[in-house]
2 protein chains.
Amino acid sequence: MRIRIDLAYDGSEFSGWATQPGLRTVQAELEAALATSLRIPSARVVCAGRTDTGVHARGQVVHVDVDDHVLAGSVGRSRQTPAEALRRRLNGILPPDIKVRRVAEAPAGFDARFSALWRRYAYRIVDDPTRFDPLHRAHVLEWSRRLDVDALNAASDHLLGQHDFAAFCKRREGATTIRTLLDLHWTRDAHGVVEATVRADAFCHSMVRALVGCLLAVGDGRQPVGWPHDVLVRGVRDPAVTVAHAHGLTLEEVAYPDDAELRARAEQTRAKRVAADAHSDATSGAQRGATGEDASDG
Amino acid sequence: MRIRIDLAYDGSEFSGWATQPGLRTVQAELEAALATSLRIPSARVVCAGRTDTGVHARGQVVHVDVDDHVLAGSVGRSRQTPAEALRRRLNGILPPDIKVRRVAEAPAGFDARFSALWRRYAYRIVDDPTRFDPLHRAHVLEWSRRLDVDALNAASDHLLGQHDFAAFCKRREGATTIRTLLDLHWTRDAHGVVEATVRADAFCHSMVRALVGCLLAVGDGRQPVGWPHDVLVRGVRDPAVTVAHAHGLTLEEVAYPDDAELRARAEQTRAKRVAADAHSDATSGAQRGATGEDASDG
């Protein structure tokens, strides 16, 4: 059976999502906690958004496959459902910077990565020194120059839609950099925090942070409103674009279709990736690689 | 001249506000940073709310008296005002869990402690495990039982006004426990966080946390709505009242009268404290102590 787990974490003290030898990662902590609480030798999870070092999540989604008897068998005499009992046990084992919010048996065809319709990230910035907040310093970037939200929105509008975001992606051999940017807009809240909402079918490596870094140069008046679009069209990384700090970025939500559409969506995503990567190979002459390992990591 | 400083801090790693030998405190950090940035041997600050270990602040206010030439003399050739230059220098020296938001020459008669009209604290709780947020874990209490905001408000209404809050105060010889509770209400925000707003002319030691701890027993159904008022009227600490954890508490705001009223307010507050403490001595037979060192610490 497949289990879906929704979780939140403070990325400050993690070397990102993906397991790396000798480093503290969210995936390794979660897999160890799953093995302990399910009393199995090891567990392997697949996530919707492979967040980078220092990036946070409130809406991360993973799946893990376990033998049918494991979940019910590990519950003991609790009156809770097996899923709720697992959620509590996981939170009892996990460190305080990871919190499991939901555990549920996954519907048929669910794949945390390939069934996803889109990922939504938020990037938060405080640009008013009288509003700097030590309680939020781990996930809100302090910016010393005032930001013009209207300029940020005007510049962002030109980036929406399907484009080759190569200018904002870390180059990976054989992986496509074509993405559909569904939403990119900026607001200022009652506490003076400027927030970017960035939503796409998927992101390539460091894409959100490169977009935000580029747009911030418009927001604080160093570049004209049309500059981010010019960078996009040129299609190569521009040394003038600074990748924004990781700690302002949070994976807020991953959306999935209705249960009946899950399997079809996963197959469609896989096929699209294979085709796009094949095309990418043909046009760029790059070596044929694995299908894009770009489930999105902001 | 007197300087007013507004500051915010994450209280997690501090042994409270007040300087204590061998312990890390906000006062000691701030006084050291002031001495360094003003190039004076030492500085002594007076604060509006002496927060306890683990309690946070967004709206702490202090004053410090310096010789007239010190502020202007320490600025160097900056084009900023001396006050703005000092704010920047302080933030350059202070650790990341303290942030100075404003520095200004204080108006005549200003006293951070005695001129204050009221202090406002917020206590934040998340009672829904699907909303537990590691990014807010340092300042929002996780509560495992669901809270009834209507019951919390009904119970709180009976505590408003001037009362002897001895039942909710740590007893101090010769100090009055009469306070005026100006506001005590509860809301639930869009993120599921339950927030108490607690506002009074001043608070005695651990008063907000004792009030919140008492009310939480009503909010999660362990006690009837009338219980907190019964405790108040009995006037002695009830062992059934649990003092709520420090980390959910934040000093949000300190209010002062118009500039013309500052000196009168300070004199009035001092006189009231002396009178109340004398009365308290007479009725309780306690030794005459200093005037209540209860500038408020939640």
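**Core, helix and chain contacts**

Modeller: The largest nonpolar core has 149 residues, and of these Tyr123(A) and Tyr123(B) touch the most other members. A nonpolar core here is a set of buried Ala, Val, Leu, Ile, Met, Phe, Trp, Tyr and Cys residues joined through C-beta atoms within 7 Å. Buried means 20 or more other C-beta atoms within 10 Å of a residue's own; exposed means 12 or fewer, and partly exposed lies in between, with C-beta atoms placed from the backbone. The model is predicted: local features need pLDDT of at least 70, side-chain atom pairs count only at pLDDT 80 or more, and totals for chains, interfaces and linings use all residues. Residues are numbered from 1 along each chain as its sequence is written, while chains are lettered from A and ligands numbered from 1 in the order in which they are written.

Stay with Tyr123(B). Leaving aside neighbours within four places in sequence, Tyr123(B) contacts Ala196(B), Val198(B), Val208(B), Val212(B), Ala244(B), Gly248(B) and Leu249(B). Contact means C-beta atoms, placed from the backbone, within 7 Å.

Now take helix α6 of chain A, residues 227-234. Helices are DSSP runs of H or I, at least four residues; strands are runs of E, at least two; both are numbered from the N terminus. Pro228(A), Val231(A) and Leu232(A) are the buried residues of α6(A). They sit on the same side of α6(A), because their arc around the axis is only 100 degrees. That arc is taken from the directions from the helix axis to the C-beta atoms. Val233(A) and Arg234(A) are exposed on the other side. The buried residues of α6(A) pack against α4 (149-157), β7 (161-164) and α5 (207-219) of chain A. Gly235(A) follows α6(A), with a positive phi near 75 degrees.

Next, the chain contact. Here 20 residues of chain B meet 20 residues of chain A. On the chain B side, β1 (2-9), β3 (56-65) and β4 (98-105) each supply at least two residues. The largest share, 4 residues, comes from β4(B).

Conventions:
Two residues are in contact if their C-beta atoms, placed from the backbone, lie within 7 Å.
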